[in-house]
Amino acid sequence: MSIKTYHIVFLLTSFFSFGQSVNSATTKSIKANFTTASVKAYQESATLKVEDFYNYLTLLSNETTSGPLKTEIKASIYSFFEMENVNIIDFTTDEKPFIPLNKLIDKVQNKNYTFLVSDFESSIVASDYWTMQYKLTVIQNSKKSKSHYFQNVKFKPVLKFFGTTKKEVWTILLGEIEQ
């Protein structure tokens, strides 16, 4: 082969490799991988995950919940979030400061709180997340407070292992809670 042929093969290989790397970055966005109807279904699933989070907090705060069950509840709560130390609003106080998730879990334990969520609305989808707005009612010893909160919901591919097989699976993870 001549040098000219090597150059052509090299250039074609370079363009092919570049094209592959550019394409993989864009396929990680929600809109590139899912229809509007599919995204709506995932948003509904995220609503259920937020409800589960508050139901688990209610169980955790109940004094009659057993110790082993509380350990399992904590593990389930942490699995809902992208990070265990995510900062969220401390909705148990009037000041509503930011607090790490693990501190909130410790704070509500055995304090007999009831958490009720309602009026969910989802925002427009960004590349890998959307924001949910909802009303939260916090009840403790007949004291009731209501506020609106915004919850970031991440939706991204995560590598999961099934025995010896690994597969990329899109997963809903809760993020920051703000007011």
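Buried means under 20% relative accessible area, exposed over 50%, and partly exposed in between (1.4 Å probe, protein chains only). The model is predicted: local features need pLDDT of at least 70, side-chain atom pairs count only at pLDDT 80 or more, and totals for chains, interfaces and linings use all residues. Residues are numbered from 1 along each chain as its sequence is written, and side-chain values use heavy atoms, with hydrogens and water left out.

**Exercise 1. Classify Asn 110 and Ser 142 by accessibility, and state the phi of each.**

Step 1. Locate Asn 110: the loop between H5 and E3 holds this residue. Helices (H or I, at least four residues) and strands (E, at least two) are DSSP runs, numbered from the N terminus.

Step 2. Apply the cut-offs. Asn 110 has 36% relative accessibility, so it counts as partly exposed.

Step 3. Turn to Ser 142, in the loop between E4 and E5. Its relative accessibility is 76%, so Ser 142 counts as exposed.

Step 4. Check the backbone. Most residues other than glycine have a negative phi. Asn 110 is not a glycine, yet its phi is positive, about 65 degrees. Ser 142, also not a glycine, has a positive phi of about 65 degrees.

**Exercise 2. Work out the strand order of the open sheet and find its edges.**

Step 1. Read the order. Four strands form an open sheet, E3-E4-E5-E6, with antiparallel pairing.

Step 2. Find the edges. E3 (113-122) and E6 (165-178) each have a single partner strand, so one side of each lacks a neighbour in the sheet.

Step 3. Examine one pair. E3 and E4 (residues 129-140) run antiparallel and are joined by eight bridges. Ser 118 stands opposite Lys 135 in E4.

Step 4. Contact means heavy atoms within 4.5 Å.

**Exercise 3. Describe the packing of H3 and H5.**

Step 1. Take the geometry. H3 and H5 (residues 101-108) pack at about 45 degrees, with their axes 8 Å apart. Axes are lines fitted to C-alpha atoms, for helices over the stretch in contact; angles run from 0 to 180 degrees between N-to-C directions.

Step 2. Classify the angle. Under 35 degrees is roughly parallel, over 145 roughly antiparallel, 65 to 115 roughly perpendicular, and the rest oblique. H3 and H5 are therefore oblique to each other.

Step 3. List the contact. H3 contributes Phe 53, Leu 57, Leu 60 and Ser 61; H5 contributes Leu 101, Leu 104, Ile 105 and Val 108.

Conventions. Pairing = 2+ DSSP bridges.
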